[in-house]
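Please read this briefing with the sequence and the model side by side. Each topic can be followed by finding the named residues in the viewer.

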Amino acid sequence: GGRQPRAGGLTSWGRREATRKLVRAGWAGSCRLTARAMATQVDIRIQQAVQYKAEGNQHYKQKRLREAISRYHWALMHLRGLDPSEPSPLEAFGEEKAKLSPQQAELLQSTECDCYNNLAACLLLSEKVNYERVRDYCLKVLARQGSNTKALYRAGVALYNIGDYDRARHYLSEAAKLCPDDPHVKRYLQETERRLSQYHQKERMMYKGMFAK
C-alpha cells in the first residue's frame, strides 16, 4: 500500500491548516499590539498638548503674547487628526483614526476649546486686532461648547468691530443671560443696541426720503 504518515505527524492538509491558524493568531496579536500602541500615542499627544497649553497660559499671564500664541498653536497641532468630530486627512489614504476613550475625548475637547479661546484673547490684546480670526476661533469653541461665556462674549466683540451688529447682539445677549452682572458684556451689548438703533433710524429716514413727494 501507500506510505503511512508517521505516528504523531501531520498530513500536508494538517500542516497547511496549522500554518493558517498561526498566521491568523499572529495577525490578531499584531492588531491588538497596534491598537495598544495607537492608544499610547494618543495619550502622549494629548498630554503634550496639555503641556503646551499650560506654557501658553504662563506666557499669557506675563503678557508675552507672541510666545503664548505659538504654544497654543503647537498644542492644537498635536491634537490635529484626533478629534472624532473632524475628518482626518489620513483617512483619505485608508488610515484608520484612533479610537478615543471617553476620558481622552473629554480632555481633547476641553484642551482644544481652551486653546482657541485663549488665542482669541491674545489677538484681542494685539496692537492690530484681526477680528475675523477672533470670530473664527470663538465659533470653533461654540461649535463644541455652545454655552462658553468667554467665547460668546469675544464672538460678540469681534462681530461688533466687524460691523455685523445683528450677530453681535445675538452672541452678546446669550453671554448676558449667563453672566447678567458682567460689566464688559453689558457695555458691549448696550453699544451694539445703540449702533443698531442708529442704523435702523438711518434706514427709516432713507426710505422716507425715497417715497416722499
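Leaving aside neighbours within four places in sequence, L79 is in contact with R45, I46, A49, L108, T111 and E112. L79 itself is found in helix 2. The structure described here is a predicted model, and the points below are grouped by topic.

**L79 and its surroundings**

- L79 has a relative accessible area of 1%, so the residue counts as buried, the cut-off being under 20%.
- One of its contacts is L108, which lies 29 residues away from L79 along the chain.
- The C-alpha atoms of L79 and L108 are separated by 7.2 Å.

**E112 and its salt bridge**

- Which residues does E112 contact, leaving aside its neighbours within four places in sequence? They are L76, L79, D83 and R144.
- E112 forms a salt bridge with R144, and the closest N and O atoms of the pair are 3.1 Å apart.
- This pair links distant parts of the chain, since E112 sits in helix 3 and R144 in helix 4, 32 residues apart.
- Are the two partners buried or exposed? Both E112 and R144 are buried.
- For E112 the relative accessible area is 4%, which means that it falls under the 20% limit for a buried residue.

**Other salt bridges**

- A search of the whole structure finds 10 salt bridges.
- One of them joins the side chains of D136 and R135, with 3.1 Å from N to O.
- D136 has a relative accessible area of 36%, so it is partly exposed, between the limits of 20% and 50%.
- R167 forms a salt bridge with D164, where the closest N and O atoms are 3.7 Å apart.
- R167 counts as partly exposed because its relative accessibility is 34%.
- D164 is also partly exposed, with a relative accessible area of 25%.
- Salt bridges also link D166, R169 and E193 in a network.

**Overall layout**

- How many helices and strands does the protein have? There are 7 helices and 0 strands.
- Along the sequence, the pattern reads α-α-α-α-α-α-α.
- Of the 213 residues in the protein, 30% are buried.
- Among contacts with a separation of 6 or more, 59% join residues 24 or more positions apart.
- The protein exposes about 14,700 Å², and carbon and sulfur atoms supply 54% of that area.

**The nonpolar core**

- The largest nonpolar core has 44 residues.
- Inside this core, V134 and Y153 are the residues with the most contacts.
- The elements that give two or more residues to the core are helix 1 (12-61), helix 2 (65-79), helix 3 (102-124), helix 4 (131-144), helix 5 (149-162), helix 6 (165-178) and helix 7 (183-211).
- Not counting residues up to four places away in sequence, V134 touches A120, L123, L124, V129, R154 and A158.

**Helix 5**

- Helix 5 has 14 residues and reaches 20 Å from its first C-alpha to its last.
- That span is close to the 20 Å expected at 1.5 Å a residue.
- Is helix 5 mostly covered or mostly uncovered? Helix 5 is mostly covered, as 10 of its 14 residues are buried.
- The buried residues of helix 5 are A151, L152, Y153, R154, A155, G156, V157, A158, L159 and Y160.

**Cysteines**

- How many disulfides are there? The count comes to 0 disulfides.
- C122 is buried, with a relative accessible area of 0%.
- C138 also counts as buried, because its relative accessibility is 0%.

**The loop residue K63**

- Where is K63 found? K63 lies in the loop between helix 1 and helix 2.
- Its phi is near 65°, a positive value in a residue other than glycine.
- K63 has a relative accessible area of 63%, so it counts as exposed, the cut-off being over 50%.

Note on methods:
Residues are numbered from 1 along each chain as its sequence is written. This is a predicted model: local features need pLDDT of at least 70, side-chain atom pairs count only at pLDDT 80 or more; totals for chains, interfaces and linings use all residues. Side-chain values use heavy atoms; hydrogens and water are left out. A disulfide is a pair of cysteine sulfur atoms within 2.5 Å. Buried means under 20% relative accessible area, exposed over 50%, partly exposed in between (1.4 Å probe, protein chains only). A nonpolar core is a set of buried Ala, Val, Leu, Ile, Met, Phe, Trp, Tyr and Cys residues joined through side-chain atoms within 4.5 Å. Helices (H or I, at least four residues) and strands (E, at least two) are DSSP runs, numbered from the N terminus. Contact means heavy atoms within 4.5 Å. A salt bridge is a side-chain nitrogen of Lys or Arg within 4 Å of a carboxyl oxygen of Asp or Glu. Accessible areas come from the Shrake-Rupley method with a 1.4 Å probe; for residues, only the protein chains shown count as cover. The expected span of a helix is 1.5 Å times one less than its number of residues.
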